[in-house]
Amino acid sequence: MTDVRAVGVVGCGLMGAGIAELCARKGLDTLVHEVDARAVEAGRDRIESSLARAVERGKLAADERDATLKRMAFTTDLADFADRDLAIEAVPEDEELKLRVFAVLDRTMVRPDALLASNTSSIPIMKLAAATSRPGQVVGLHFFNPVPVLDLVELVPSLATADEAWERIRAFAAETLGRHVIVSQDRAGFVVNSLLIPYIVAAVRMFESGFAVAHDIDEGMVRGCAHPMGPLRLADHIGLDTTLAVAESLYAEFREPHLAPPALLQRMVQAGHLGRKTGIGFYKYPVGKAA
Ligand code: 3HC
């Protein structure tokens with residue numbers, strides 16, 4: 001166990017909700033930030049539905065669910081993060097927004113040894129670290145969706161991450177959260193998205209060109225390669241906005257033509273067809289059960 005007991009999670013969308021649920025399930029005092037009361041309610045609903053699913057599936061006892069919810073609090077004011085040992089930023093994959101959040105956390109968190117982590121899947125950790133006065137305390141801590149189910153985290157040091165902060169975050173991820181840890185250099189996409197997103201982009205291009213229909217592309221990978229879901233359904237699951245944002249970061253960093261986001265993916269995001277969370281992407285989903 002580590003000294004990290006009080007955690008703040010910034011953002012309670014798909015990833016933030018899962019991260020907050022995991023932290024609270026592991027016994028941590030968990031404070032969750034969202035931008036306004038409506039977003040707080042949506043985030044709380046997301047967490048409650050996920051906990052209800054865990055109870056239904058026999059993964060969590062009803063009293064553990066209640067204890068988990070008691071360990072969580074919500075706020076719309078980042079000033080409440082003053083006493084946190086660790087903040088985990090999980091706002092949308094937008095560089096300007098993340099830089100602003102890091103600058104605010106830097107001003108807000110008063111503990112000199114406080115750790116600042118980002119769940120970014122593609123933005124350089126060094127850029128986020130440079131937005132603070134304590135770059136040595138900043139790391140990448142990247143989870144996978146659904147967070148309560150997938151037991152991997154990618155840990156990413158920047159060139160400035162201090163050894164002591166690194167050892168503390170590693171112990172937090174492996175021991176406190178019980179996650180399997182892999183380590184990546186601070187390169188766009190890290191390990192998993194560097195492999196996953198080009199594959200999804202290739203599937204979108206295949207669909208866009210009429211090479212095969214969505215169902216057959218997905219069935220090919222589910223039945224032919226035993227993946228739990230095919231690439232287009234997985235893109236819907238991740239969110240097409242996030243998929244596009246990661247593809248853009250990979251393309252910006254590596255400039256390889258096969259990484260360029262397909263026009264169809266851009267049009268779908270412009271149309272608000274973001275996948276499960278908006279009820280429509282490559283497939284349709286019942287509204288209200290989206291996320
Ligand atoms: N807490 C704990 N366990 C839960 C749970 C919860 N809230 N909800 C579900 N589970 C458990 C279930 O009990 C079940 O466990 P079992 O296999 O032991 O019975 C298991 O999770 C699967 O749950 P379901 O039966 O509800 O669902 P499916 O079998 O249909 O699987 C899925 C759904 C887990 C989403 C699966 O299709 C899957 O793993 N898909 C791939 C997802 C993936 O690749 N994610 C990574 C995306 S990349 C990413 O996130 C990075 C980002 O930066 C882009």
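Colleague: By what distance do the C-alpha centres of domain 1 and domain 2 lie apart?

Modeller: The C-alpha centres of domain 1 and domain 2 are 26 Å apart. The protein chain is divided into domain 1 (6–183) and domain 2 (194–278), with bounds that come from an automatic or database domain assignment. This is a predicted model, in which local features need pLDDT of at least 70 and side-chain atom pairs pLDDT 80 or more, while totals for chains, interfaces and linings use all residues. Residues are numbered from 1 along each chain as its sequence is written.

Colleague: How many residues of each domain are in contact?

Modeller: Six residues of domain 1 contact nine of domain 2, a contact being two C-beta atoms, placed from the backbone, within 7 Å. The side of domain 1 that touches domain 2 has two nonpolar, three polar and one charged residues. Nonpolar here covers Ala, Val, Leu, Ile, Met, Phe, Trp, Tyr, Cys and Pro; charged covers Asp, Glu, Lys and Arg; the others, Gly among them, are polar.

Colleague: Where does the shell around the ligand lie?

Modeller: Both domain 1 (6–183) and domain 2 (194–278) give residues to the shell, so it lies between them. Of the 20 residues around the ligand, Ala54, Arg57, Ser121, Asn145 and Pro148 come nearest; a residue is near if its C-beta atom, placed from the backbone, is within 6 Å. Helices α2 (37–56), α7 (190–208) and α9 (231–238) each supply at least two residues of the shell. By class, the shell has eleven nonpolar, six polar and three charged residues.

Colleague: What describes two packed helices?

Modeller: The angle between their axes and the distance between the axes. Helices (H or I, at least four residues) and strands (E, at least two) are DSSP runs, numbered from the N terminus. Axes are lines fitted to C-alpha atoms, for helices over the stretch in contact, and angles run from 0 to 180 degrees between N-to-C directions. Helix α1 (residues 14–25) packs on α2 at about 55°, the axes 9 Å apart. They are therefore oblique to each other; angles under 35 degrees count as roughly parallel, over 145 as roughly antiparallel, 65 to 115 as roughly perpendicular and the rest as oblique.

Colleague: Is the crossing of α1 and α2 left-handed or right-handed?

Modeller: Right-handed. A crossing is left-handed if the near helix is turned anticlockwise from the far one by less than a right angle, and right-handed if clockwise. Gly16, Ala17, Ala20 and Glu21 of α1 make the contact with Gly43, Arg46, Ile47, Ser50 and Leu51 of α2.

Colleague: At what angle do α7 and α10 pack?

Modeller: About 110°, with the axes of α7 and helix α10 (residues 240–254) 10 Å apart. These two are therefore roughly perpendicular, and their crossing is left-handed. In α7, Asn193, Ser194, Ile197, Ile200 and Val201 meet Thr243, Val246, Ala247 and Leu250 of α10. That contact has six nonpolar, three polar and no charged residues.

Colleague: Which residues of α8 and α9 meet?

Modeller: Ala214, Ile217, Asp218 and Met221 in α8 meet Pro231, Leu232 and Arg233 in α9. Their classes are five nonpolar, no polar and two charged. Helix α8 (residues 214–225) packs on α9 at about 95°, with axes 7 Å apart.

Colleague: Is the peptide bond from asparagine 145 to proline 146 cis or trans?

Modeller: That bond is cis, with omega near 5°. Proline 146 sits in the loop between β6 (138–142) and β7 (152–157). Phenylalanine 190, in helix α7, has phi near 50°, a positive value in a residue other than glycine.
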